[in-house]
Amino acid sequence: MDTFLEAVFGLRPQIRRAFIMVQDVVMVLVAVALSLVLSRSDLSFGALSTEGLVTWAGIVLISHLLFRYCGLYTTVWRFASTPDFFNILKSCAILTFVLYAVSLVVRSFEPVAGLNERQFIVFLLVSFTIISAPRLFYRFLRDGASWGVLSGKADTARTKQALFVGRLGEADLIIRFTRTAQPPDHTIAGIMATEHGAPLGTRIQGVPVVATRPRLLDVLEDYATGSKSLDLLIFGSGAEHEIEEYSELVRVARHADIAVVQFAGLSQVGQEGKLVLDAVEMETILRRPTVPSDIERIGAFVGGKRVLVTGGAGSIGRTLVKRSLELGAEAVLVADNSEFGIFQLSQYVDEKHHERLKVRIVDVADRRQMTRVVTEFKPDIIFHAAALKHVPLLEENWESAIQTNVFGTLVCAEVAAKCGVAQFVMVSSDKAVDPTSVLGMTKRAAEQIVSALHGTPAGEPGGRRAATKFIAVRFGNVFGSNGSVATIFQAQIEAGGPVTITDRRMTRYFMTVAEAVDLVIMSAADAASRPAGQDYAVYMLDMGKPVPIVEVAETMIRMAGKSPYTDIPIRFTGIRPGEKLHETLHGEDEELVELSIAKIFGLSTDVALWSDVQAALAALQQSMKAQDKAASLTILADLDRRTKTRANARQGAVPKTAGQAS
């Protein structure tokens, strides 16, 4: 039987459709014969007489044309549902009415014995039944559930067993698509319903509801430790926000070597639908609700533009590159000094986008190189993501930090202005707020460079701003980026521990890389739409509440199927040079301005004058030549202090609104 099914399913669509058409007209003729037999009627002409053959040919022609008109041959029956079977009923009803009308016309000219309304009522019921039956049986076989239902057992030899955790509506969809997959990847063995009051013990397409809240965890543990074989746990979309025990369910599953995925939707592959199941990552476990991106707006901003991304081989830069390509950028150029990072980027970007991707291995602090790159590429937007960002390392390597973070930003910004780039967007950091580290001071100085250029009108001596719009976008940690706590903790857990944390009290803001990048682009789009004097030099992303680092470590250990402090020890090492216990996203001298964009604020604050920035950078160059770390950091601190003094002098000013100048 399996060989027969494979042969039938393997036929070309055109051949299968022709076979169904022939089957339908045969079934109509069978329905006519059965209706006469069941109603015990005898026609006044022979079945093989001239009148009989003309009658059968007419019925075949009328039924075929009607069925085509009603769309019976455009339905993909492996995905058929109630409306499709209702369409068969409608088609049979129309056919019955047409045949009855024809019979009335014929009988008005020549009486036909043995033909009355009773036969047509029986014909309607019989035709619907025998035309629907083959399709229903085909769907039954195609679902892959037929032999398990008939034999009373599932075929576990070829497919993995899975539990679904989520809403019953999604369960119905997922069961349907898993059964139609060829070859089948897995079989849904049970449903753990998240709706309150879901009917325990009932079945959806033959699959039982095995658990309801609040006993989801208990039932999963029974599956994990009992004799029931389970290979996969599938969460419904949004389950991480609906289920309090989400991370604990993940922990139990992974401890029992059960793979964990999450339903993300459907994709269209050729003419067939396919489930999209994403791996459950730590950024999902944090359960900080994300905001849907305004794809239309950011697509309109980036689409058709030429985009240059400095630091494009890093975590944020790489995602900016990929996102710009997805949004329809005409071309994207990556400027980075990491050869290996650029190689990895080529593996990260889809092949279909490669023809629009260009790369250059350059140092962003090299004015000659950057001028040549920008002059040749002629970008419309520069996303400046290049930076050194490791707090303890930069305490020792302070010269490299200043050279890249400060003078690299200066070079890129001045080249952008000189070459007439429409927009320059710098990726900033929460470390720039009340900085205590080399990283924080250098990022604060970079913000001040961008802010000062933002406030310098076009046409002033030196032509610093020209027509370029300068902004900085400030946010905290992105989860899973290179060197983030997530990647460090993951490596330590895989090595068996210990997981090292500087202080039990330490907290950080977290955001997924994808969400941060979309919000950076949205900030740039908002700035581009505002006239000069009503825009903001610095935008800030709303990252929700800070997360204790120790909770991140404990959750990641549980996700790995281990117990914190028992299987994997956690060791507290003490705060390292330059680190803070808690970061903030804005200073006391900065006023938050609510915009009409979710998760994005404008920062209304005074900045250093461009002349002050120039003087500070000139002094900074001299102190670096003398390799004087203390003098260099003092210059950076004085520049920040000068800005705060200007801000404090206007404390009596009326707070600005989104429509006022920054």
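Me: In which loop is Pro-214 found?
Reply: This is a predicted model in which local features need pLDDT of at least 70, side-chain atom pairs count only at pLDDT 80 or more, and totals for chains, interfaces and linings use all residues. Residues are numbered from 1 along each chain as its sequence is written, and side-chain values use heavy atoms, with hydrogens and water left out. Helices (H or I, at least four residues) and strands (E, at least two) are DSSP runs, numbered from the N terminus. On that basis, Pro-214 is found in the loop between β4 (207-212) and α8 (216-225).

Me: What is omega for the peptide bond that joins Arg-213 and Pro-214?
Reply: Most peptide bonds are trans. The bond joining Arg-213 and Pro-214 is cis, and its omega is about 10 degrees.

Me: Which peptide bond has omega near 0 degrees?
Reply: Pro-498 has its place in the loop between α19 (485-494) and β15 (499-501). The cis bond with omega near 0 degrees runs from Gly-497 to Pro-498.

Me: Is strand β12 (residues 423-427) largely enclosed or exposed, and why?
Reply: Buried means under 20% relative accessible area, exposed over 50%, and partly exposed in between (1.4 Å probe, protein chains only). In a regular strand the side chains alternate between the two faces of the sheet. Here Gln-423, Val-425 and Val-427 on one side and Phe-424 and Met-426 on the other are all buried. Because 5 of the 5 residues of β12 are buried, the strand is largely enclosed by the rest of the structure.

Me: Which residue in β13 stands opposite Val-425?
Reply: Two strands pair if DSSP finds at least two bridges between them. β11 (residues 381-384) runs parallel to β12 and is joined to it by 4 bridges, with Phe-383 having Val-425 as its bridge partner. A further pairing, of 5 bridges and also parallel, links β12 to β13 (residues 469-474). In β13, the residue opposite Val-425 is Ile-471.

Me: What is the relative accessible area of Asp-434?
Reply: Asp-434 lies in the loop between β12 and α18 (438-454). Its phi is near 45 degrees, a positive value in a residue other than glycine. Asp-434 is partly exposed, and its relative accessible area is 37%.

Me: How much space lies in the largest cavity?
Reply: On a 1 Å grid over the protein atoms alone, a cavity is a set of points where a 1.4 Å probe fits but cannot get out, and lining residues have an atom within 4 Å of a point. Grid points are joined across faces, edges and corners, and a volume is the space filled by probe spheres set on the points. The whole structure holds 3 cavities of 30 Å³ or more. The space in the largest is about 70 Å³.

Me: Which residues lie closest to the centre of the largest cavity?
Reply: This cavity is lined by 11 residues. Those closest to its centre are Ala-432, Val-433, Asp-434, Arg-444 and Glu-590.

Notes:
On a 1 Å grid over the protein atoms alone, a cavity is a set of points where a 1.4 Å probe fits but cannot get out, and a pocket is an open set with protein on both sides within 12 Å along at least five of seven lines; lining residues have an atom within 4 Å of a point.
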